[in-house]
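Open the model in your viewer and keep the selection tool at hand. Each stop below says what to select and what is there.

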Amino acid sequence: MSEIRDFDALRRAMAENGEQPEGPARNARAERLLAEAEKLNIPLAVIEALGHQLKVYNYSSEKDKMFVPFARLLRMWDERPGDFDDYETHALHWVFKWMSAGMLDQPHVPLASVEKWLGEMEHRYRLAGHSERAVRSAEFSVAAHVGDVPRAERAFAAWLAADRDAMADCHACELHRQGWWQAERGRDEEALALWAPVLEGEYACAHEPHTVLASSLVPLLRLGRLEEARAHHLRGLRLVRPMESMRGAYADHVEFCALTGNEARGLELLAERPSYFTDDGHPRSKLEFLSVVVLLTERLAGLGLGGQRVPGPAGREWTAGELAAHARAEALALAARFDERNGTEYVSGRARARMEQRPLAERLPLGVRAVRPAAVSAPAPAVAPEAAEAAEPELPELIAEARRLSDTLRPEAVEAWAAVARAAEGADGVAGGELDARDRAEIAEHEAIALGPQGAETFERAAELYAEADDPGEALAARARGAYVRALAGDDVGKALAAVAGPYDDVLALYAEGGTQVRQAAGVLMARARILMRRVHEADGPMAETVLGEAEAAVRELLALVEGRTGDDVRLTARVAEGQAMLGELATHAGDVEAGARLFARAAAEFTGAGLPWFACEYEARLAGLAHHLGDMAEAERALRAALEHGGSALEPVGRAQLHLQLAEVVGERGQAAEAAEHALEAAHWADEAGEGPTFGAWARHQLGGYLVRLGRWAEAAEVLESALADLRAETHGDGAVVQTQWWLGDCLSELGEHRDAAERRLQAAEIARHWPEQHDHATLAHLAAESLGQAGLHEEADRAYARAGELWRALGNVHGLVRSLRARAWLALRTEDGTAGARALMAGAVEECVDALAVTEEDEEARLRLVAELGHTHRQFGDLLARSAAEDADDDSIREALEEALSQMAEAVAVFVALDGDAVHARTGAELAAGWLETDLGRPVEAAARARAVLRAYADADDEEDDGTAEGRRAEAEQLLQVALEQPDESGA
């Protein structure tokens, strides 16, 4: 830090320090600045430096350091109040509120001292003529902290009844604390109603809506308003992350994660703030943080994850169980210190209640990646044999239930037969009777089904058991299924066909002799048809007609056997439905998409009609793809919704994710961005559940972020897009997805005022797009990056970026982009060494580019009109720029000359917009009014009045109901201009 030589330099240094991030480094610099202020021997300089020190301490983790500088300030006030100017007098009384709250947050400060300070504050405010509103607010804080509810309610009422004055907290902070009390008393709806103006942006300050968003999370969860809670978490966390002093609000976000099944994200938040475990400068927020650490880690232990590594205080490794015990002990010890000071047990009671909360949502998807920890099953408690006998169904009951489920093709049948196997093994084949060969065959068959492609040998064992049970038809069907799963496992399809040939011939002969039934014969024919369909799936390039023909013949043979013979047998109905689906697939392969769609629809309807909707899911999804291909978006949407509904709990996570994402795209295409965002959110959640977070999940988050951008939910979108970028890879998702995500994120950051970060994202995207054959995106991103650099105050960097964008626009033949880059550089030049001369040259260049382009644009009337409008806007901005530069000139003659030039450019703009007729009425009247005000600056009231009347005529017949308010605003400004002109003497000399 350079030496401070005068008061102005001190003030600049304090202002610069105030813009630095919260934390010890800023505090240390404030301490050094106080030492420099003392060297100046100016009392007010010391007062301001002490005030600056107080402010940075208050907005940091070192709040306990506030008391010393404030005591010194108060002593200086009592000794020499004349040394304080009006601002510092106001600031001194304002900081009384910080002191009362600060003392309450430090358990070593006796409660009697806090009460004494409250009386001191009331006395000094009364002497200064201030309302008691701030005093009653402070009294409420004391009463609420110690748990004196009657006194808190009285103080609360007195606080609201007292007049607002210069000492009252800002509206946003007051509403936060008022809503907090309502939520504390269980009045969540009232709390949210009080917070609404802050949440909607009507009131804001340095710490709001940050704390309101955090405080609203649990009330929203308790009310079941989960969508709002998620949005507040994503939006609010982004605000509190960079602010060291907001440990209490940060704790609210960790608590939210623990209560919504987002334990993994909660751990990520702990890892981001290791200092929060140990910072002692603000004990109350440390207690709040440690309490939610206990909540989160004990939740993990309850899931069987007590041994999982978790982030904790530095210096050692922690498991969830160890950190839970450590944080609980430390939190309760800290709470006990407060209670000892307060003479109550209220603080400890609140801390325990917070630690022991139960989840308010099993899992609330957030859209950001955080893989849910897998629960480790705890050992089952020992059960007495008598209790086990009473609790568990006997073996015959289990067999009957398993057979019922398998006969109706229920998804639970596999597990039911596994339960039969476990029960039989545990009973040593005695309790409930021995299993016969039929029972053991069905157990083996369902075990084979569970094994999937690895189940061939188990199907063979099932076949042997069916043969032993004297059911040759089921034995052949099991052998055929074994042949099919061999094909699934990678065996040559030819070998699978050879393996199924014997069962196929045998079952047909057996069926003809009456030795088996339709169901068993259909099982063999279906296995053969599936193997032939497998050959269709594996075919590379154009398929031989024989491949399609043989598969179709096998399917039609199956249908000929089964159709008309299904009766009440759902298994046979399922064979018919699957056969129709196979024909649909074959039709699609043959190029008849419409026939394929009809057949898939028929298959889905067959399954649903038979009470087997979980089988219909796959074919509704296939139908959706074909409908999309055919341009029937309504049918695609219907089919996707049906697939999700029919699949229900039987859907695998990855399948559910795919359906939700497809539905998001279909719904998004018809402009329903809000619903599309909901489906993309679900897709991201289920992709994470499926372990596909880095691949499919990243794509879903990319899509979700885009929909949130369309909805203008910038903070939520930024969180989601940053999460997506952590996993998006050009080689996996394509560099277009990476660029688009960076682009959207840059838009979000720009809207949030984070212009440096926005510029970085846009430049990163532009660097990728630089290598693309088509350069329009590269030019656009370079231009947007320049805008962000300019808004970040990096004027030289912005000028270079605009110059680069201009080169790209010129190479693309895009005059509009080129002209806008030149205009932007002109405005930047006013702030750089080029000054007015450079700015004029650039704006003149923009005019020339428009004129030159118009000279060669004759045939395309629409393009010509767009260029004319661009020329008009350029003249208008040229005029504004010249008028702005006039204020910086040194003498009256140069100022008048600049204003004359500005007026000339405005007149050109008006003339250009007049040529566009009604299409540019707002642009014309805006330029006309600007010209009118310049006329008044030049002392020409007659000309100014004429321009005002021209604007009024332009809107004489305007329909305000169809206008966005521009016409009304222009009329009001024209009336004002006319009034000024009529009252102004004519100085033109005409």
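Start by selecting Glu-184: its relative accessible area is 27%, so it is partly exposed. Keep in mind that this is a predicted model.

Next, select Asp-799 and Arg-825. Their side chains meet in a salt bridge at 2.9 Å, N to O. Asp-799 is in helix α40 (residues 795-812) and Arg-825 is in helix α41 (residues 815-829), 26 residues apart. Asp-799 is partly exposed, at 22% relative accessibility.

Stay with helix α41 and select Arg-823, then Glu-870. A salt bridge joins these side chains, 3.0 Å from N to O. Because Arg-823 lies in helix α41 and Glu-870 in helix α43 (residues 861-886), the pair ties together parts 47 residues apart in sequence. Are these two residues buried or exposed? Both Arg-823 and Glu-870 are buried.

How many salt bridges does the structure hold? The count is 82. For a network of them, select Glu-115, Glu-122, Arg-126, Glu-132, Arg-136, Glu-139 and Arg-151.

Last, select Pro-209, in the loop between α10 (188-199) and α11 (210-215). Pro-209 has a relative accessible area of 13%, so it is buried. Beyond its neighbours within four places in sequence, Pro-209 is in contact with Val-198, Arg-235 and Leu-239. The C-alpha atoms of Pro-209 and Arg-235 are 9.6 Å apart.

Notes: Residues are numbered from 1 along each chain as its sequence is written. This is a predicted model: local features need pLDDT of at least 70, side-chain atom pairs count only at pLDDT 80 or more; totals for chains, interfaces and linings use all residues. Side-chain values use heavy atoms; hydrogens and water are left out. Helices (H or I, at least four residues) and strands (E, at least two) are DSSP runs, numbered from the N terminus. Buried means under 20% relative accessible area, exposed over 50%, partly exposed in between (1.4 Å probe, protein chains only). Contact means heavy atoms within 4.5 Å. A salt bridge is a side-chain nitrogen of Lys or Arg within 4 Å of a carboxyl oxygen of Asp or Glu.
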